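Student: Hey, can we go through this structure together? I'd like to start with the charged side chains.

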Amino acid sequence: MTELDRRIPLASVMNMRDLGGLPVAGGTLASGQVYRSATLAALSAEDGEAFAARGISTVYDLRTAKERAGAPDRVPESIPSVSLDVLADAPAAAAANINEMMSNPAAIEQAFSGGQATELLASAYRDIVGLPSALRAYRTFFGGLTDPSRAGAVLFHCTTGKDRTGWAAAALLTLLGASDDVIRADYLQTNTDLLPALQPVIDRAAAAGVDPELLRPVLGVDERYLDAAYDEVEQRFGSIEGYFSEGLGLGAADIEALRERFVA
């Protein structure tokens, strides 16, 4: 399956794709079971019908309480949304304030001039791995994936679907034995799918005299951010298996259940 095949073209939801079809150890990740996206705050009624038709039965919202209050999801009433505040213990983290940055490009210039953006985003990824709130959130998320009583597909998202969402996807793919190339290709696909949709933000910044290149490290993804997350995993837990077992508290049976449920 190609990357293009995995994209879900809903006009009111950015950066949405199916993780299914990606090669993992022993097969491929099952199609139509796990989706990732940006916020669902603008989900239209028409797209909501297409959304539900895909069999999505649970939404995991990885945003902060502030983000959710400012732009609540508009999912069909029949689909429960589980709020998992990954960055509750670091609400000022760059990854938790993308919306504010997009609405005030001049603040980005002040905060990220001098090459600070990459360092701040890398630090946010370390938080996404190691904060107590992050461990609680991802424990609930991955526990929900293994829950035998849960039927249907799941979708997980944050604001732009790139950082907290990007780590959730990368962690799942890593655990399931996807190659580094596959994991990074899915991660970097956000730059192809998301950045064009954010061009109006970049254009407004340029019109206000802000260097657009300052925005790209904030609005897109960079392999250095993912490297920071993996480094934090290695330092704290030794391996991805240690992250899932020691950090998230998932037992061997839970991890095997993930493989059995999602590897086709």
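Tutor: Arg 7 counts as partly exposed because its relative accessibility is 25%; buried means under 20% relative accessible area, exposed over 50%, and partly exposed in between, using a 1.4 Å probe and protein chains only. Before we go on, this is a predicted model, where local features need pLDDT of at least 70 and side-chain atom pairs count only at pLDDT 80 or more, while totals for chains, interfaces and linings use all residues. Residues are numbered from 1 along each chain as its sequence is written, and side-chain values use heavy atoms, leaving out hydrogens and water.

Student: Ok, what does Arg 7 form a salt bridge with?

Tutor: With Asp 193, and their closest N and O atoms are 2.6 Å apart. A salt bridge here is a side-chain nitrogen of Lys or Arg within 4 Å of a carboxyl oxygen of Asp or Glu.

Student: Is Asp 193 buried or exposed?

Tutor: Asp 193 counts as buried, because its relative accessibility is 18%. Arg 7 and Asp 193 also belong to a network of salt bridges that includes Arg 6, Arg 17, Arg 36 and Asp 186.

Student: How many salt bridges are there in the whole structure?

Tutor: A search finds 17. Another one joins Arg 164 and Glu 67, at 2.7 Å from N to O. Arg 164 lies in helix α8 and Glu 67 in helix α3 (residues 65-70), so this pair ties together parts 97 residues apart in sequence.

Student: New topic: which residues of helix α2 are buried?

Tutor: In α2 (residues 45-53), those are Asp 47, Gly 48 and Phe 51. They're on the same side of α2, because they cover an arc of only 105° around the axis, judged by the directions from the helix axis to the C-beta atoms.

Student: What about the face turned away from that side?

Tutor: That face carries the exposed residues Ala 45, Glu 46, Glu 49 and Ala 53.

Student: Which residues does Asp 47 touch?

Tutor: Leu 10, Ala 11 and Ser 12, not counting residues up to four places away in sequence; contact means heavy atoms within 4.5 Å.

Technical notes:
Helix = DSSP H or I, 4+ residues; strand = E, 2+ residues; numbered from the N terminus.
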